[in-house]
Amino acid sequence: MPSANESTQRDSLLRETLKRVAPGTPLREGLERILRGRTGALIVLGEGPEIDSISHGGFVIDTEFTPARLRELAKMDGGIVLSRDGSRIRSAAVHLLPQSATTATESGTRHRTAEQTSLATGMPVITVSASMNIISLFTDGTRYALDRPELILERANQALNTLERYRERLESVMHHLTQQELEATVSVRELATAVQRQEMVRRIIHEISTYTLELGAEGRLVTLQLEELASGTEGNTELLLRDYAGLDIHDRAHPGAEGSSSAQPTTAGAAPKAPQEPASPKAEAAAAKATAKVIADQLAALAELTSAELVDLSKVAAILGVESSVQSLDRLVQPRGHRILGQIRNLPRSVSDRIVARFDGLQGLLAASTEELMSVDGVGEQRARIVRETLSRMAELNFFEHY
Ligand SMILES: Nc1ncnc2c1ncn2[C@@H]1O[C@H](COP(=O)(O)OP(=O)(O)OP(=O)(O)O)[C@@H](O)[C@H]1O
C-alpha cells in the first residue's frame, strides 16, 4: 500500500495533469482531434534523462506545440514526447521500452507501455485509445480515464447537492459540540462524530475540486458554487484536532485522574484550575512542534481511511488516540478552547494559542477574569474584555437555547 505521502504526491500529479488536459486547453484540443481521427496516441508529458534512457528510434522535433501538429504526429507509429508544461513537442515516433519491477495490469501494448513508463519515470503519460475511443492519464502506474464533460458535469452537480446536505448536517453537529463543550459534557463519540463529518465534507470538496480541474473552462459555474459551499471549512478539522490532540483518554476518563500538564485537556466536569504559569518560549515552541506533528499524522490517517472505515466511529476515535471499545466512546473529554477562541474575530492565532496555554482547558478559560486574561502576552485590556464578553455571551446563549 502506498504511504500517505506517496498518495498525496500521486494525487497532486494527477491534479496537475488534469489541469493540463482540461477542456479549453490546446493539449485537450489536440487530444480531441486524435480521438475524432481514431488513430490513437501515446504521449509523455516530460523530458530528460529518465525518458531518453527508455527511448529508442524516433526523431527529435523540438517545436512549439499546436493541436494540429500533435494530430499529425499521432498518425505515426510510436510515442510522442512533450515538454512538462506541454508547450513544446520534443520528439515523435519514439519506441518506449520502460523497465519496471511491477507487472503491468493493462493488456494492450500502448496502454501497458503508458502504465510502465509513468511508473518508471514518474512522468504523466496520456493515451488516446484507437479501439476504445477513450483518453486516459497514467500517473505512477495508475490509470484515470477522462469522461465526457457532460458526464462529469452531472457528477459534479450531484456532488454539490451532497455537499450542501453534508454542510447543513455538519453545522448542526458542530453547534451541538459547542454546546457540549461549554457544558463540559463532550463525549468521545461526539468528538469523533464531529471529526468524521468534517472529513466527509473535506472529501466531497476534494472530489468536486477534481471535477472542476477536469472540466476546465466548462466548470466555471461548478467552481463558483463550490467556492460558496466550501467557504469557512478549511482548517476546521485541524482546529478541532488541536483542541483534543494528545488526549490520554484512557487514563483521564476516571474522575480525579487528571494529569499534571497544563497543556493537556482535562476530564470534563472538573473544577476550573488556576491559570498556569507561562512556559518558556523554547518549551512553548517545542510543544507546538510536537502538537503540529501529532495533528499532521492524524489528518493523514483520517485521509487514509476508506469510506467504510470512516463511518465507523471507533476507527475515527482510534486515530484520536482512543482505544477501541464501546465504553471508550462514552468517555468525557474537555477541549483546550482553540476552536471556540477561533470564532472571535481579529484574535490572532498566536495570541489565542498563548491564551489556551495559560488556562486549564476550556473550563479554565471560561472561568478566567478579564485581569487574568490580561496577564497573557499580547492581550491588552480591550482584547481581554472582548474575549471575556464573547465567551460569556456564548455560555449565556447556550443556556438560553437549552433551558
Ligand atoms: N512501446 C511502445 N512505444 C511506443 N508506442 C507504442 C508502444 N507500444 C505500442 N505503441 C503504440 O500503440 C499502438 C497500438 O498498440 P496496441 O493496439 O497493441 O495497444 P492498445 O493498448 O490495445 O491500444 P488501442 O486501445 O489504441 O488499440 C502501436 O501501433 C504503437 O503506435
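Which accessibility class, buried, partly exposed or exposed, does Glu150 fall into? In this predicted model, Glu150 counts as partly exposed, since its relative accessibility is 46%. The side chain of Glu150 takes part in a salt bridge with that of Arg148, with an N to O distance of 2.7 Å.

A second salt bridge joins Arg339 to Glu181, and the closest N and O atoms of this pair are 3.0 Å apart.

The UniProt record, an unreviewed entry, lists residues 153–183 as a "coiled-coil region". In the model, this stretch is 97% helix and 0% strand, and the C-alpha atoms at its ends lie 45 Å apart.

A further salt bridge is formed by Arg90 and Glu47, whose closest N and O atoms are separated by 2.2 Å. Because Arg90 lies in strand β5 (residues 88–96), while Glu47 lies in the loop between β1 (41–45) and α3 (49–52), the pair ties together parts that are 43 residues apart in sequence. Arg90 is partly exposed at 23% relative accessibility, and Glu47 is likewise partly exposed, with a relative accessible area of 34%. These two residues also belong to a network of salt bridges in which Glu47, Asp62, Arg88 and Arg90 are linked. In total, the structure holds 21 salt bridges.

Terms used:
Residues numbered from 1 in each chain as written. Predicted model: local features only at pLDDT ≥ 70, side-chain atom pairs only at ≥ 80, totals over all residues. Heavy atoms only, no water. UniProt positions renumbered as here; feature names shortened; annotations may be inferred. Helix = DSSP H or I, 4+ residues; strand = E, 2+ residues; numbered from the N terminus. Salt bridge = Lys/Arg side-chain N within 4 Å of Asp/Glu carboxyl O. Buried < 20%, exposed > 50% of the residue type's maximum accessible area, 1.4 Å probe, protein only.
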